[in-house]
Amino acid sequence: MLNQSNTLKIIVFIFHPFSSFSCLQNIEVYRSQAQSYRQAQNVYNVTEEQYREGVASMTSILQDEMQLRESQAACVLAHCQFNLARLDLLRLSGNLSLLTE
């Protein structure tokens, strides 16, 4: 049985190889950014705990918080880029109606 994800993959590989590459590349970038965000969250949590215990400085926690926010922004941007590539692929293939199914 074909679901929306499988249908999208078929459209991607048959009709628009360049767009499909862009879409798949954006998926990998998003996965990588999501992993970086999770790692930054873990580092921030450790630094925050160390700060509460008096081991880490305020500078350390602020630096880790900045890194966390940068990772979060990169993750959101990667997700948006994937969605734009997916929409472009659906538009090029004339299958925007798949979004409402």
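**View 1. Glu48, Glu49 and Arg52 are tied together in a network of salt bridges.** A salt bridge here is a side-chain nitrogen of Lys or Arg within 4 Å of a carboxyl oxygen of Asp or Glu. This is a predicted model, where local features need pLDDT of at least 70, side-chain atom pairs count only at pLDDT 80 or more, and totals for chains, interfaces and linings use all residues. Residues are numbered from 1 along each chain as its sequence is written, and side-chain values use heavy atoms, with hydrogens and water left out. Glutamate 48 pairs with arginine 52, with the closest N and O atoms 3.4 Å apart, and glutamate 49 meets arginine 52 at 3.5 Å, N to O. Glutamate 48 and arginine 52 sit 4 residues apart in helix H2, about one turn of the helix; glutamate 49 and arginine 52, also both in helix H2, are 3 residues apart. Helices are DSSP runs (H or I, at least four residues), numbered from the N terminus. Arginine 52 is exposed, at 59% relative accessible area, while glutamate 48 is partly exposed at 22% and glutamate 49 is partly exposed at 37%. For these words, buried means under 20% relative accessible area, exposed over 50%, and partly exposed in between (1.4 Å probe, protein chains only).

View 2. Glutamate 28 is partly exposed, at 47% relative accessible area. The salt bridge count comes to 4.

**View 3. Threonine 47 is a buried residue of helix H2 (residues 17–52).** The threonine 47 side chain makes a polar contact with the side chain of aspartate 64, at 2.3 Å. A polar contact is a pair of N or O atoms within 3.5 Å; within protein, one must be able to donate a hydrogen and the other to accept it, and residues adjacent in sequence count only if both atoms are side-chain atoms. Setting aside neighbours within four places in sequence, threonine 47 is in contact (heavy atoms within 4.5 Å) with Ala56, Ser60, Ile61 and Asp64.

**View 4. Leucine 99 belongs to a nonpolar surface patch with Leu84, Leu87 and Leu96.** Together the four have about 350 Å² of accessible area (Shrake-Rupley method, 1.4 Å probe; for residues, only the protein chains shown count as cover). Leucine 99 lies in the segment after helix H3 (58–93) and is partly exposed, at 39%. Patches are made of residues with over 30% relative accessible area and no salt bridge, with like charges joined within 9 Å and nonpolar side chains (Val, Leu, Ile, Met, Phe, Trp, Tyr) within 5 Å.

Conventions. Helices (H or I, at least four residues) and strands (E, at least two) are DSSP runs, numbered from the N terminus.
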